[in-house]
Amino acid sequence: MTMAGECETGEEVGCILLAEACLPEQRTVDGKAFPLVLTPSSPLESAVDACKLLHTCRPFLEQKLKEHGALFLRGFPLCGGVDFHAAVEALSWPTLPYIGSAPRTQVVGLVYTANDANPDVAINFHHEMAQIADASTWPSKVLFFCETPPLEGGQTPIIMSHKVTQGLWMQCPDFMQKLEDQGLRYLKVLPMVKDPAHISLQGWPVVFGTSDKEEAEERAKKNYNAKVEWLPEGHMSLSSGPFKATKDFGQEGGNAWFNMIAAYYSGLSHKVGMSPKQPYDVVFGDGSPLPEDAVATCMKLHEENSVDIPWQQGDLMIVDNFLAMHGRRAYKPPRQILVSLCR
Ligand code: FE2
């Protein structure tokens with residue numbers, strides 16, 4: 001993998017309405033630009049023009065997304081949630097509802113805020129909804145839109161997922177073999193009511209859309225393949241899985257690192273137990289702890305392979321959710337990044 005520098009701005013990319021652009025943060029992964037940066041070949045007047053172009057170019061964008069893993073679109077005159085929603089509709093990929101416990105606000109249609117977690121919280125790399133048991137609900141595309149760029153930081157970093165799997169097989173083969181054999185269990189405690197100091201942790205009645213414990217248990221089983229235990233004060237403790245840690249989505253070069261280790265690992269559940277103060281962990285399928293050094297190698301591989309493009313107003317990023325992972329850097333507000341999940 002190298003930093004980009006080989007691409008030429010304005011180069012024809014096989015669609016006369018779009019030209020390739022270059023950004024200093026891009027990389028070349030397996031000989032391809034990551035992400036592929038595209039811009040309109042000639043300036044667009046309005047959001048309506050932008051939507052027409054996106055609609056016309058949809059088959060081309062779909063093909064390039066498969067080849068490159070992520071597309072970054074700059075120079076489209078889109079302003080806010082309504083424009084983004086129109087752009088998503090113009091692309092005509094079926095939109096999906098979000099299932100999970102991330103704090104998100106529905107803006108218009110199935111357009112959400114990307115994540116309402118406090119600005120100082122960095123969100124580790126993950127595939128969207130990889131912790132959900134039913135594969136038919138997984139979005140294959142995650143579309144991001146920058147309504148308001150952050151004052152500082154706040155990038156949505158991306159990595160090609162198979163690079164992490166490849167790197168771990170080379171550096172931690174015993175860990176990878178145990179993962180293959182055992183899979184992973186995710187442990188999580190959802191409080192009864194959201195603690196305002198811990199905005200990233202939703203209350204279980206909000207997550208499951210019911211305050212009936214039996215109904216919530218049913219939904220936890222269906223969505224997460226989770227067993228539930230009730231803790232004092234009505235907190236809900238979930239143990240879900242086992243799930244496979246990697247998935248074959250047909251990527252040349254290896255399986256995707258399709259798991260939530262980076263988002264869930266704390267290494268604390270065996271030491272202090274689970275509680276709303278210690279709400280996340282991930283363990284092997286047999287319940288044994290993940291080795292700290294292998295998780296550290298995983299996190300190092302994430303950072304080594306990451307591409308962090310600073311957002312500008314109107315930027316769109318389309319991520320193939322089966323080939324690439326994404327996260328969020330901490331930021332200085334304001335920042336408004338919107339998201340839509342598509343099949
Ligand atoms: Fe996400």
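Reply: Contact means heavy atoms within 4.5 Å. Axes are lines fitted to C-alpha atoms, for helices over the stretch in contact, and angles run from 0 to 180 degrees between N-to-C directions. Helices (H or I, at least four residues) and strands (E, at least two) are DSSP runs, numbered from the N terminus. In this structure, helix α5 (residues 173-182) lies across β15 (184-190), β17 and β18, and runs at about 90° to β18. Helix α7 (residues 213-224) packs on the sheet and touches β15, β16 and β17, its direction making about 20° with that of β17.

Me: What should I bear in mind about the origin of the model and its numbering?

Reply: This is a predicted model, in which local features need pLDDT of at least 70 and side-chain atom pairs count only at pLDDT 80 or more, while totals for chains, interfaces and linings use all residues. Residues are numbered from 1 along each chain as its sequence is written, and side-chain values use heavy atoms, with hydrogens and water left out.

Me: In what order do the four strands of the open sheet lie?

Reply: Two strands pair if DSSP finds at least two bridges between them. Here the order is β16-β17-β15-β18, with antiparallel pairing. The edge strands, β16 (226-230) and β18 (280-284), each pair on one side only. On average, neighbouring strands of this sheet are turned by 20° against each other, direction ignored. Between β16 and strand β17 (residues 236-243), which run antiparallel, there are five bridges; Trp230 stands opposite Met236 in β17.

Me: Which residues of α5 are buried?

Reply: Buried means under 20% relative accessible area, exposed over 50%, and partly exposed in between (1.4 Å probe, protein chains only). In α5, the buried residues are Phe175, Met176 and Leu179. Seen down the axis of α5, these fall within an arc of 100°, so they line one face of the helix; the arc is that of the directions from the helix axis to the C-beta atoms. The face turned away from the buried side of α5 carries the exposed residues Asp174 and Asp181. The buried residues of α5 pack against α4 (161-171), β15, α8, β18 and α10. Gly183, which follows α5, has a positive phi near 70°.

Me: How many residues does helix α10 have, and what distance does α10 reach?

Reply: The expected span of a helix is 1.5 Å times one less than its number of residues. Helix α10 (residues 292-305) has 14 residues and reaches 20 Å from its first C-alpha to its last, close to the 20 Å expected. Its buried residues include Ala294, Val295 and Leu301. Down the axis of α10, the buried residues fall within an arc of 155°, so they line one face of the helix. On the other side of α10, Glu292 and Asp293 are exposed.

Me: Which residues coordinate the iron ion?

Reply: Donors are N, O and S atoms within 2.8 Å of the metal (3.2 Å for Na, K and Ca); water is not among the atoms, so sites may look incomplete. The iron ion is coordinated by His126 (NE2), Glu128 (OE) and His326 (NE2), at 2.1 to 2.2 Å. Along the chain, the donors follow the spacing H-x1-E-x197-H. Glu128, in the loop between β11 (123-126) and β12 (141-148), and His326, in strand β20 (residues 324-328), are 198 residues apart and link distant parts of the chain. Both Glu128 and His326 are buried.
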